[in-house]
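Subject: Structure for you to look at

Hello,

Here is the structure I promised to pass on. Please open it first, then read my notes below.

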Amino acid sequence: TNDLSKGLRCSLEHDRLALVPHLVNMVCAARARGLYVLDGVYNHFRDPKGFRSEAEQGRALGFDGKTLIHPGQIAVANEIFGISEAREAEANAIVEAFERPENRDAGVIGLDGRMVERLHLEEARRTLALAALQQGG
């Protein structure tokens, strides 16, 4: 992000507003090729609130993680980009719902008042695989 900002002669400030379209393009390019993509560093390593905000923005944009420049950023990055218990439980519920005999061939099912498609099943399986890696398995 520092190099991109320099090359574009734009600011990293103000929620990286000038970079957001380019960041989204990076995520899209990575996904089109089946790759993971990491958000850039947050330069103000003594500003944990700012780091959290930028990491949350990166997660919302679709990044898989964030590059870090200070050990104090590790816990927040793991919290934001890791698999929470709630996210893992939701993924388990989706997988279990599609495994029910009546849903095995369904393209779309209802689960807890919402529509769930096979694409959600694929993402749920990926989430569970990442959760297993996160837990050392």
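**The hairpin and its turn**

Strands β3 and β4 form a hairpin, with two residues between them. Aspartate 112 sits in that turn and has a positive phi of about 55°. Bear in mind that this is a predicted model.

The pairing of β3 (residues 108–111) with β4 (residues 114–117) is antiparallel and runs over four bridges.

Most residues other than glycine have a negative phi. Aspartate 112 is not a glycine, yet its phi is positive. Its place is the loop between β3 and β4. Is aspartate 112 buried or exposed? Aspartate 112 has a relative accessible area of 71%, so it is exposed.

Histidine 14 is another residue to check. Its phi is near 55°, again a positive value in a residue other than glycine. Histidine 14 belongs to helix α2, which covers residues 13–16. With a relative accessible area of 69%, histidine 14 is exposed.

**The overall picture**

The protein has seven helices and four strands. Read from the N terminus, the order of elements is α-α-α-β-α-β-α-α-β-β-α. A box of roughly 55 × 30 × 25 Å, taken along the principal axes, holds the C-alpha atoms.

There are 137 residues in the protein, and 31% of them count as buried.

**Helices α6 and α7**

Two packed helices are described by the angle between their axes and the distance between the axes. Here are both values for one pair. Helix α6 (residues 85–99) packs against helix α7 (residues 118–134) at an angle of about 130°, and the axes are 8 Å apart. That angle makes α6 oblique to α7. The crossing of the two helices is left-handed.

Which residues make the contact? From α6 come Arg87, Glu88, Ala91, Asn92, Ile94, Val95 and Phe98. From α7 come Arg118, His120, Leu121, Glu123, Ala124, Arg125, Arg126, Thr127, Leu128 and Ala131. Sorted by class, the contact has eight nonpolar, three polar and six charged residues.

Start with alanine 91, which lies in helix α6. Its relative accessibility is 4%, below the 20% cut-off. Alanine 91 therefore counts as buried. What does alanine 91 touch, leaving aside its neighbours within four places in sequence? The residues in contact with alanine 91 are Ala124, Thr127 and Leu128. Alanine 91 and leucine 121 are 30 residues apart along the chain, and their C-alpha atoms are separated by 7.8 Å.

Then go to leucine 119, which has its place in helix α7. Leucine 119 counts as exposed, because its relative accessibility is 52% and the cut-off for exposed is over 50%. Leucine 119 and aspartate 39 are 80 residues apart along the chain. Their C-alpha atoms are separated by 24 Å.

**In short**

Best wishes

Notes
Residues numbered from 1 in each chain as written. Predicted model: local features only at pLDDT ≥ 70, side-chain atom pairs only at ≥ 80, totals over all residues. Heavy atoms only, no water. Axes fitted to C-alpha atoms, helices over the stretch in contact; angles between N-to-C directions. Parallel < 35°, antiparallel > 145°, perpendicular 65-115°, else oblique. Left-handed = near helix turned anticlockwise from the far one by under 90°. Contact = heavy atoms within 4.5 Å. Nonpolar A, V, L, I, M, F, W, Y, C, P; charged D, E, K, R; others polar. Pairing = 2+ DSSP bridges. Buried < 20%, exposed > 50% of the residue type's maximum accessible area, 1.4 Å probe, protein only.
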